[in-house]
Amino acid sequence: MSDRALFRKTFDGFVPANEDGQDFYARVKSGEIVELKGVKVRNGQYHRLFFAMLRLVSENSNPHISEAAALHFAKMATGTGEFVVDSRGRDVFVPGSISFAAMDQSAFKDFVQTAIPPLVGRFMVGTAPDDLIREAMSLAA
């Protein structure tokens, strides 16, 4: 089970799209009013596209950074996390989550669109962000 009921919009209205959705639907009586939260489920292909871009940044970065470091930098650049003061008095960035549960598709799209230009500008000087996106799309397809 996925811990959340998912529904698909059709011409006949919303229909269950997973087992939790079917269970919820079965418990609701005909004519009963229920609340469906208006959250678009994250697009798996867009998720793969972002991680393909991180891989490309890592493979072509100067200075070299790992995919994990590129993700950390992306989170810093977008403010996805917070700075805390450690026991030595230094600011340390604690990254936030970009998991499917933490961000819907709209928030994740905003995150990606905000993260890519600073990543490319810092680690792939001379490369246009659109070039990176095109290359990643060919890899993620």
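With a relative accessibility of 64%, Ala26 counts as exposed, where exposed means over 50% relative accessible area, buried means under 20%, and partly exposed lies in between (1.4 Å probe, protein chains only). Ala26 belongs to helix 1 (residues 19-27), and helices (H or I, at least four residues) and strands (E, at least two) are DSSP runs numbered from the N terminus. The C-alpha atoms of Ala26 and Pro16 lie 9.7 Å apart in space, while the two residues are 10 residues apart in sequence.

The model is predicted, so that local features need pLDDT of at least 70 and side-chain atom pairs count only at pLDDT 80 or more, whereas totals for chains, interfaces and linings use all residues. Residues are numbered from 1 along each chain as its sequence is written, and side-chain values use heavy atoms, with hydrogens and water left out.

Helix 2 has 17 residues (residues 44-60) and should span 24 Å at 1.5 Å a residue, which agrees with the 24 Å between its end C-alpha atoms; the expected span is 1.5 Å times one less than the number of residues. At the start of helix 2, a side-chain oxygen of Asn43 comes to within 2.8 Å of the backbone nitrogen of Gln45. The buried residues of helix 2 include Tyr46, Leu49, Phe50 and Ser58.

Ser58 counts as buried because its relative accessibility is 9%. Leaving aside neighbours within four places in sequence, Ser58 is in contact (heavy atoms within 4.5 Å) with His64, Ile65, Ser66 and Glu67.

The two side-chain approaches are listed together below.

The axes of helix 2 and helix 4 (residues 105-123) come within 11 Å and cross at roughly 10°. Helix 2 and helix 4 are therefore roughly parallel to each other, a term for angles under 35 degrees. Among the residues where they meet are Tyr46, Phe50 and Val57 in helix 2, and Phe108, Val112 and Ile116 in helix 4.

Strand 3 (residues 81-85) and strand 4 (residues 91-95) run antiparallel and are joined by five bridges, where pairing requires that DSSP finds at least two bridges. Val84 stands opposite Val92 in strand 4. Five residues lie between the strands of this hairpin, in which Gly89 takes a positive phi near 85°.

Notes. A polar contact is a pair of N or O atoms within 3.5 Å; within protein, one must be able to donate a hydrogen and the other to accept it, and residues adjacent in sequence count only if both atoms are side-chain atoms. Axes are lines fitted to C-alpha atoms, for helices over the stretch in contact, and angles run from 0 to 180 degrees between N-to-C directions. Angles under 35 degrees count as roughly parallel, over 145 as roughly antiparallel, 65 to 115 as roughly perpendicular and the rest as oblique.
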